[in-house]
Amino acid sequence: MATNMMNKYVLVLSCLIFFVMTGSLNAKPADIKAICGKAKNPSFCTNYMKSNPKTSGADIKTLATITLDSAQTSASGAMNKITPFAEKEPKRPLRSGYVLCVQNYRSTIRYLGEAKKSLASGDIRGQNINVSDAMKSSTYCQDEMLKSQR
């Protein structure tokens, strides 16, 4: 259950990293096909973008904002689903993994908030750093959960 949420979240962020790596925040409509073509999972990225009516005709900054908001919502949802396991799991190795995930998702949510501030101020480097850190946090959580299940 938690792993599925984490995978979805990492895929959303993989789309975003290509938005911010372009380094251009001009106001012309973004080419979603070109952007998603660079993603780790192009079909997921394209489907994700097409599923949100706000992305139609949006510029790259708007797409980045939409994706950051979605990633933050997904991270909060994952953290909320994991928290009860961190509190109640009887097996110590699994409980430790869940506790680490909750801590990592708190960090991820914070990094995404910082990325939104960087985007708003035009600090592309800061945004890239924070998005990268958010991706690392969620991936670390997934890796730790896989280790604790062995």
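These legends accompany an overview and several close-up views of a predicted model.

Residues are numbered from 1 along each chain as its sequence is written. Because the model is predicted, local features need pLDDT of at least 70 and side-chain atom pairs count only at pLDDT 80 or more, while totals for chains, interfaces and linings use all residues; side-chain values use heavy atoms, with hydrogens and water left out.

**Figure 1. Overview of the helical protein.** The protein has 6 helices and 0 strands. Helices (H or I, at least four residues) and strands (E, at least two) are DSSP runs, numbered from the N terminus. From that end on, the elements run α-α-α-α-α-α. Buried residues make up 45% of the 150 residues. Buried means under 20% relative accessible area, exposed over 50%, and partly exposed in between (1.4 Å probe, protein chains only). Of the contacts with a separation of 6 or more, 72% join residues 24 or more positions apart. A contact means heavy atoms within 4.5 Å.

**Figure 2. Confidence along the chain.** pLDDT is the predictor's confidence in each residue, from 0 to 100. Its mean for the protein is 81. A value of 70 or more is reached by 80% of the residues. Among the elements, helix α1 (residues 2–21) has the lowest mean pLDDT, 56. Helix α5 (residues 92–121) has the highest, 91.

**Figure 3. The largest nonpolar core.** A nonpolar core is a set of buried Ala, Val, Leu, Ile, Met, Phe, Trp, Tyr and Cys residues joined through side-chain atoms within 4.5 Å. The largest one holds 13 residues. Within it, I82, Y98, Y105 and M145 touch the most other members. The elements that give two or more residues to this core are α4 (60–88), α5 and α6 (124–148). Helix α5 supplies the largest share, 6 residues. Y98 touches I82, F85, A86, E89 and M145, not counting residues up to four places away in sequence. A second, separate core has 11 residues, including A39, M49, A58 and I60. In soluble globular proteins, nonpolar side chains tend to be buried together.

Figure 4. The structure holds 2 aromatic pairs. In the one shown, the ring centres of F44 and Y48 are 6.4 Å apart and the planes lie at 10°, so the pair is stacked. Rings of Phe, Tyr and Trp (its six-membered ring) pair if their centres lie within 6.5 Å; planes under 30 degrees apart count as stacked, over 60 as edge-to-face and the rest as tilted. F44 and Y48 are 4 residues apart in helix α3 (residues 42–51), which separates them by about one helical turn. F44 counts as partly exposed, at 23% relative accessibility. Y48 counts as buried, at 13%.

Figure 5. C45, Y48 and M49 are buried in α3. They cover an arc of only 95° around the axis, so they lie on the same side of α3. The arc is that of the directions from the helix axis to the C-beta atoms. N47, K50 and S51 are exposed on the other side of α3. An α-helix has 3.6 residues a turn, so residues three or four places apart point the same way.

**Figure 6. A charge over the ring of Y111.** Y111 lies in helix α5. The charged end of R110 sits over the Y111 ring, 5.0 Å from its centre. A charge sits over a ring if NZ of Lys or CZ of Arg is within 6 Å of the ring centre and within 35 degrees of the ring normal. Y111 touches N130, D133, A134 and S137, not counting residues up to four places away in sequence. Y111 and M135 are 24 residues apart along the chain, and their C-alpha atoms are separated by 9.2 Å.

Figure 7. C101 is found in α5. It counts as buried, at 0% relative accessibility. C101 and M79 are 22 residues apart in sequence and 7.5 Å apart in space, C-alpha to C-alpha. N104 lies in α5 and counts as buried, at 13% relative accessibility. Beyond its neighbours up to four places away in sequence, N104 touches S137, Y140 and C141. I109, also in α5, is buried with a relative accessible area of 18%. Leaving aside neighbours within four places in sequence, I109 is in contact with Q72, A75, S76 and M79. I109 and L68 are 41 residues apart in sequence and 9.8 Å apart in space, C-alpha to C-alpha.
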